[in-house]
Amino acid sequence: MAYSNKVIDHYSNPRNVGTLDKAAQNVGTGLVGAPECGDVMRLQIEVDETTNIIKDAKFKTFGCGSAIASSSLATEWLKGKSIDEALAIDNMDIVEELSLPPVKIHCSVLAEDAIRAAINDYRVKQGLEPIAAEKSH
Amino acid sequence: MKTPIYLDNNATTRMDPRVLEAMLPYFTEHFGNAASRNHAFGWAAEEAVDYAREQIAHLIGADAREIIFTSGATESDNLAIKGVADMYARKGDHIITVTTEHKAVLDTCRALEKQGKRVTYLEVDDDGLINLQELEAALTPQTILVTVMLANNETGVIQPMKEISALTHKAGALLFSDATQAVGKIPVNVEEYGIDLMAFSGHKMYGPKGVGALYVRRKNPRVKVTAQMDGGGHERGMRSGTLNVPGIVGLGKAAELARLEMAGEIARLRKLRDKLETELMKVEETKLNGHPEHRLPHVSNISFKHVEGEGLMMGIKDLAVSSGSACTSASLEPSYVLKAMHINDDAAHSSIRFGLGRFTTEEEIDYAIRHVKEAVGKLREMSPIWEMYQEGVDLNTVVWASH
Ligand SMILES: Cc1ncc(COP(=O)(O)O)c(C=O)c1O
Ligand code: FES
């Protein structure tokens, strides 16, 4: 299958690969898997607790090129966003930006799920309610 | 050195330029129909076909009259299995095969099952070998055919043909072998192995595509197959259709080259393959798929655990290889051959088959080693699974999204 140049770029030069301290109070970790293909994504955010702005984001992904690119792109987008802005990221934005073909849409869904899981992990650490998934794919 | 580097020689091989040269006159100057008995055009074609038959027979220790030309191994597999099932229907209705056979064999057996024949599918062990006791137990007086491939196309695993032949013949059945991956690569002698029918194909041995052969034994015992296409009764009535003269000339030349150069090629390729394998197996958490010794000298199938197959294929884009992963095929299931060897889905998905060939150079192998090591290292660096594995974390902590 032919990948778009943007997917190839993120795959070859992934942004923000790495690990944040998942025990830290201001770090949210989302670890999600796609049952379709067995791919697994971990996304972490480090949040400024006073402003609720995401200071740093890291990912590690076991998956196809599209999943790696989706998570790499997600970390780029997350940095500097508020939690509310981050929650507004839609998987279709990722699909569009990376020109993912239909069979690769679930890879972007995985990234969206990972963002939500990371935010919820952070919220729970802060003593807040987790946000329920507002849509089902 | 040009990239991508071709290491998919089990899928097909580049045609040897000497084969092309031999074929060319038979497209134009000597275009005759080998069945035309009345003029020089036909005689020239027939003579070329006869010569090719000799070249091919010589390679496999057969008599020229035992070679039936077909369009390739798929057709030879069909003709052998269906042809025997039809011809020997009065003797019995039972066929024995193996779960790791090529689709051309397995699907043919399935088709016969639909027509009421009985088929036993022998399983293989973790190394890909069949169990001879199981074969012996499966043989019945109604068994007419045992079909076991000589060398597997995904792992290169070589089955013990002599022993299989002895058991098969003791039970009064015939032995057919799909030897597509072996003929022209390793010594294959139908007498030594006791094979009654054998399929092989031009494009797997540096010859042209669209031409193959079926060896059909003529004595001890004399074997016959029922034709599967009606027509002019070519090839002793077993396979009708005007002969593909240029293709046959090419297959003949390919067989001759293989015979003359085999010993040197085996030694050269084994050395290169072993170098590749030794280096790649130094990478942590790798697994060699297939029996380490009973294996073709130019094939290596390795799983790289904790990296994802499709990502890996993307990472080694400078190599033309095959993967046991689903993404290289139309289905989502990983390789049924590896599965039959009890290799789990994850390891099957991250497996790569390296198939070396006549045109593979040491420089290419050195590049391949570096390229694969780099890609695996990079993907593991990026993999949460690898991190969890190294920390000894249970992978079941992953939350599976429910879309
Ligand atoms: C073991 C085996 N049998 C049969 C075939 C089919 O050969 P052909 O392409 O000549 O029909 C192949 C090649 O894919 C093969 O590897
Ligand atoms: S194929 Fe499953 S995440 Fe891409």
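Tutor: A definition comes before the sheet. Two strands count as paired if DSSP finds at least two bridges between them, and a strand is itself a DSSP run of E with at least two residues. The model discussed here is a predicted one.

The sheet is in chain B. It is an open sheet of four strands, in the order β9-β10-β13-β12, and the pairing is antiparallel. Its edge strands are β9, residues 286-288, and β12, residues 322-323, each of which pairs on one side only.

β9(B) is joined to β10(B) by three bridges, and the two strands run antiparallel. Within this part of the sheet, B:L288 stands opposite B:I302 in β10(B).

β10(B) covers residues 299-304, and six of its six residues are buried, so the strand is largely enclosed by the rest of the structure.

One of the facing pairs here is B:S303 with B:S351 of β13(B).

B:S323 stands opposite B:I352 in β13(B). With β12(B) the other edge of the sheet is reached, as this strand pairs on one side only.

B:H203 sits in the loop between β7, residues 197-201, and β8, residues 212-216. With a relative accessibility of 18%, B:H203 counts as buried. Apart from neighbours within four places in sequence, B:H203 has contacts with B:A11, B:T12, B:T13, B:P208 and B:K209.

Most peptide bonds are trans, and most residues other than glycine have a negative phi. The bond from B:T3 to B:P4 is cis, with omega near -5 degrees, and B:P4 lies in the segment before β1, residues 5-6. The bond from B:N220 to B:P221 is also cis, with omega near -10 degrees. B:P221 is found in the loop between β8 and α8, the latter being residues 245-281 of chain B. B:E235 lies in the loop between β8 and α8 as well. Phi of B:E235 is near 50 degrees, a positive value in a residue other than glycine, and B:E235 is buried, with a relative accessible area of 8%.

Chain A is the setting for the remaining items. Read along its sequence, chain A follows the pattern α-β-β-β-α-α-α-α. The radius of gyration of chain A is 14 Å, close to the 14 Å that the globule rule gives for 137 residues, so chain A is as compact as a globular protein of that length. Of the residues of chain A, 53% count as buried. Among contacts in chain A with a separation of 6 or more, 61% are between residues 24 or more positions apart.

Two residues of chain A can be set side by side. A:N52 is in the loop between β2, residues 39-48, and β3, residues 53-62. Its phi is near 65 degrees, a positive value in a residue other than glycine, and at 35% relative accessibility A:N52 counts as partly exposed. A:V95, by contrast, is placed in helix α4, residues 91-98, and is buried, with a relative accessible area of 9%. Leaving aside neighbours within four places in sequence, A:V95 has contacts with A:L100, A:I105 and A:S108. A:V95 and A:H106 are eleven residues apart in sequence, and their C-alpha atoms are 9.5 Å apart in space.

Definitions and conventions. Residues are numbered from 1 along each chain as its sequence is written. Chains are lettered from A and ligands numbered from 1 in the order in which they are written. This is a predicted model: local features need pLDDT of at least 70, side-chain atom pairs count only at pLDDT 80 or more; totals for chains, interfaces and linings use all residues. Side-chain values use heavy atoms; hydrogens and water are left out. The radius of gyration is taken over C-alpha atoms; the globule rule is 2.2 Å times the number of residues to the power 0.38. Buried means under 20% relative accessible area, exposed over 50%, partly exposed in between (1.4 Å probe, protein chains only). Contact means heavy atoms within 4.5 Å.
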